[in-house]
Amino acid sequence: MASVNRQALCKTPTEWPPIEIAYQGHLLAGVDEVGRGPLVGSVVAAAVILDQQRGIDGLSDSKKLTAPRRAALDAQIRARALAYCVAQASAAEVDQLNIHHATHLAMRRAIDGLRPAAEYLLVDGNRLPGHHLPGQAVVKGDARHQAIAAASIIAKVARDAQMQALHERYPDYGFDRHKGYPTRQHLAALEAYGPLAEHRRSFAPVQRQLALL
């Protein structure tokens with residue numbers, strides 16, 4: 001029978017039952033991604049194996065944390081985790097494969113980069129990424145399990161850093177504010193200045209601007 005590793009569970013809302021995990025070892029990796037929705041840049045994934053002997057307080061869904069809190073937790077995760085890896089699939093790969101398959105590619109790259117290697121996966125969402133390791137998909141996993149929350153945090157910090165770097169190269173686009181998502185500001189900049197090489201050409205707002213060139 002599957003059992004629950006309660007040491008690794010986040011505090012969960014009452015509507016979510018405890019996660020039953022059919023694995024009792026210490027090489028369980030949480031996996032999450034950031035960047036499915038933006039119009040520009042890579043989709044970034046992370047995989048984290050937490051060290052149960054070195055706890056980290058405050059792990060939660062990265063979207064619910066302030067940027068300073070994410071940065072502090074990112075440093076703790078990198079210092080205390082048994083293993084972690086951040087990987088990506090480029091904008092060109094998103095265009096070639098579509099965002100769904102590119103996201104899973106980034107996840108598989110992150111999983112494969114873990115040292116020591118994982119033995120079991122907990123993946124945020126409702127689908128596994130097609131990796132050979134056993135595991136399970138967990139809906140709202142970044143709010144329900146600490147390893148997935150840790151992965152969401154370091155993936156978010158890594159992608160936000162990419163957007164900050166892009167902002168420094170192209171300040172008129174406002175990437176430091178909207179992080180590449182299709183906000184009113186981003187769409188206005190796209191119309192005024194045109195798509196960059198880093199924009200995802202398969203996404204409709206970018207396609208529309210390319211058609212006008």
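Author: Among lining residues, Ala, Val, Leu, Ile, Met, Phe, Trp, Tyr, Cys and Pro count as nonpolar, Asp, Glu, Lys and Arg as charged, and the others, including Gly, as polar. The model is predicted, with local features needing pLDDT of at least 70 and side-chain atom pairs pLDDT 80 or more, while totals for linings use all residues. Residues are numbered from 1 along each chain, and side-chain values use heavy atoms without hydrogens or water.

Reader: How do the residues lining the second largest pocket divide by class?

Author: A pocket is an open set of points on a 1 Å grid over the protein atoms alone, where a 1.4 Å probe fits, with protein on both sides within 12 Å along at least five of seven lines, and its lining residues have an atom within 4 Å of a point. The lining of the second largest pocket includes D32, E33, R36, H100 and M107. By class, this lining has one nonpolar, five polar and five charged residues.

Reader: Which element gives the most to the lining of the second largest pocket?

Author: Elements are DSSP runs numbered from the N terminus, helices being H or I of at least four residues and strands E of at least two. For the second largest pocket, β1 and α3 (99-112) are the elements that give two or more lining residues. The most, four residues, comes from α3.

Reader: Which element supplies the largest share of the lining of the largest pocket?

Author: The largest pocket is lined by 21 residues, with D32, D61, K63, D124 and D142 nearest its centre. At least two lining residues each come from β1 (28-34) and α4 (146-169). The largest share, three residues, is supplied by β1.

Reader: How many residues in the lining of the largest pocket are charged?

Author: D32, D61, K63, D124 and D142 lie nearest the centre of the largest pocket. Its lining divides into six nonpolar and five polar residues, and the charged residues number ten.
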